[in-house]
Amino acid sequence: MYGIYLDYQSASPVDPRVREFADRYLTKEFGNPSALHSCGLAARAALEEARSKVAELIGAEGPETIVFTAGATEANNLAIRGLAQRNAAKGKKLLGSSIEHISVLNPMKDLKKGGFDLSLVPVDGAGVVDLAALEGMLSKETILTSVMYANSEIGTIQPIREVSNLVHGKGLFLHVDATAACGKIPVDVQKDGIDLLTLSSNDLYGPQGAGALYVKPGVRIQPVLFGGGQERGLWSGTENLFALAGFGEAARLAKLEMAEESQRLSAIRDGLIKEIQKIDESYLTGHPKRRLPGHASFRFRRIEGESILLTLDAMFNIQVSTGSACSSRTLEPSHVLLAIGLKHEEAHGSMVMTLGKYSNPDQIPVVAQAVSQTVQRLRAISAL
Ligand code: PMP
């Protein structure tokens, strides 16, 4: 069994209420939502109910704005390729913040091979997008700008409304990857001024393998997957009914419980940050205030993040991360940490703790003590 799990950003347990709600779609109401018989119609109704619940979580105009996918990577690819290819005749310029998730940056880099031009907007030392630089980089050929709502490695929340004002001020489209933010802080696509928004089920304690792209009414994108024409022709393939029904229920619960849960997690986060900063040569990464409620990220001098992770796991049964789980096996320094101005050797000493449902204040002293001992031990044997 896991001990103190502090890697909710990489994977979260499914809420037992979500599991109970969605269970029937695995064995009893398992129909194909495209089938015309009663079993299919019941499945269609369940899918549409899920769509409404997800739309409500993000303040969308209606359920028809939600395109279901099998996760955030797929939604990001659909947003970027779909919008770029649809608008290629108007311009070829793509803009992204320099700390976007790789599932945003990599499709953009791939589009470069097809003649698109990619520029990255710098961020400051706390990971906040440089608005003046963004404004200067926008031109009428910029067919897509992508700025994430909050960063999963350093927790920083972006000034999305200001970003949107700049992008819309020039009559351009804004995509926002809100995977790390949805369900944790209020996200409202209409008030925030968002054209395309990515979110994912597991980040809300829903099942893995479900995600969504919000597409503002009137915004046209091109499909990137072709097949049976499900999801308004934008994402073909038989829908994963269990995961999507669970996603809907998770979104409903998140909307109800988010305010109280964020307050609870922010208090634990602040306690952890205070204690861990007492360790010599330890530094908070990301913004000290504008950060996700359950997000505490640090760097330590003269030790490797991987050694911290492995020692905490093996000796103290505490699970943390070094940054993005998706690229952690490459051992390359994180592009996010380099973008906030860290040197390569500084970027290697990172440790990310993300809190969730089963985190509690009693864990603060236990974790702080374990991190302190780990850092001392590793520094004593460090060759750095
Ligand atoms: N965007 C962000 C901000 C993420 O943190 C992640 C990883 N959870 C993704 C996109 C990709 O999500 P997935 O691997 O579930 O498709």
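**Helix H5.** I started with helix H5 (residues 102–113), which lies across strand S3 (93–97), S4, strand S5 (142–146) and strand S6 (174–177). Its run is at about 155° to S3. Here contact means heavy atoms within 4.5 Å. Axes are lines fitted to C-alpha atoms, for helices over the stretch in contact, and angles go from 0 to 180 degrees between N-to-C directions. Helices (H or I, at least four residues) and strands (E, at least two) are DSSP runs, numbered from the N terminus.

**Ground rules.** I noted that this is a predicted model, where local features need pLDDT of at least 70 and side-chain atom pairs count only at pLDDT 80 or more, while totals for chains, interfaces and linings use all residues. Residues are numbered from 1 along each chain as its sequence is written, and side-chain values use heavy atoms, with hydrogens and water left out.

**The seven-stranded sheet.** Next I looked up the strand order: S2-S8-S7-S6-S5-S3-S4, an open sheet with mixed pairing. Two strands pair if DSSP finds at least two bridges between them. At the edges I found strand S2 (66–69) and strand S4 (117–121), each pairing on one side only. On average, neighbouring strands here are turned by 20° against each other, direction ignored. S2 and strand S8 (residues 211–215) run antiparallel and are joined by four bridges; Val67 stands opposite Leu213 in S8. I also checked helix H7 (residues 160–169), which lies across S5 and S6 at about 160° to S6.

**The three-stranded sheet.** What is the order here? It is S9-S10-S12, an open sheet with antiparallel pairing. Strand S9 (282–284) and strand S12 (350–354) are the edges. S9 pairs with strand S10 (residues 295–300) over three bridges, and Ser282 has Phe300 in S10 as its bridge partner. Helix H9 (residues 241–276) lies across S9, S10 and S12, at about 15° to S10.

**The ligand.** Then I went to the ligand and listed what surrounds it: Ala72, Thr73, Asn76, His101, Ser103, Met148, Ser152, Asp177 and Thr179. To be near it, a residue needs a heavy atom within 4 Å. Helix H4 (residues 72–86) gives the most to this shell, with three residues.

Which polar atoms did I find by the ligand? A ligand oxygen is 2.6 Å from an N or O atom in the Thr73 side chain, and a ligand nitrogen is 2.6 Å from a polar side-chain atom of Asp177. Another entry is a ligand oxygen 3.4 Å from a polar backbone atom of Ala72.

Note on methods. Polar contact = N/O pair within 3.5 Å; in protein donor to acceptor, adjacent residues only side chain to side chain.
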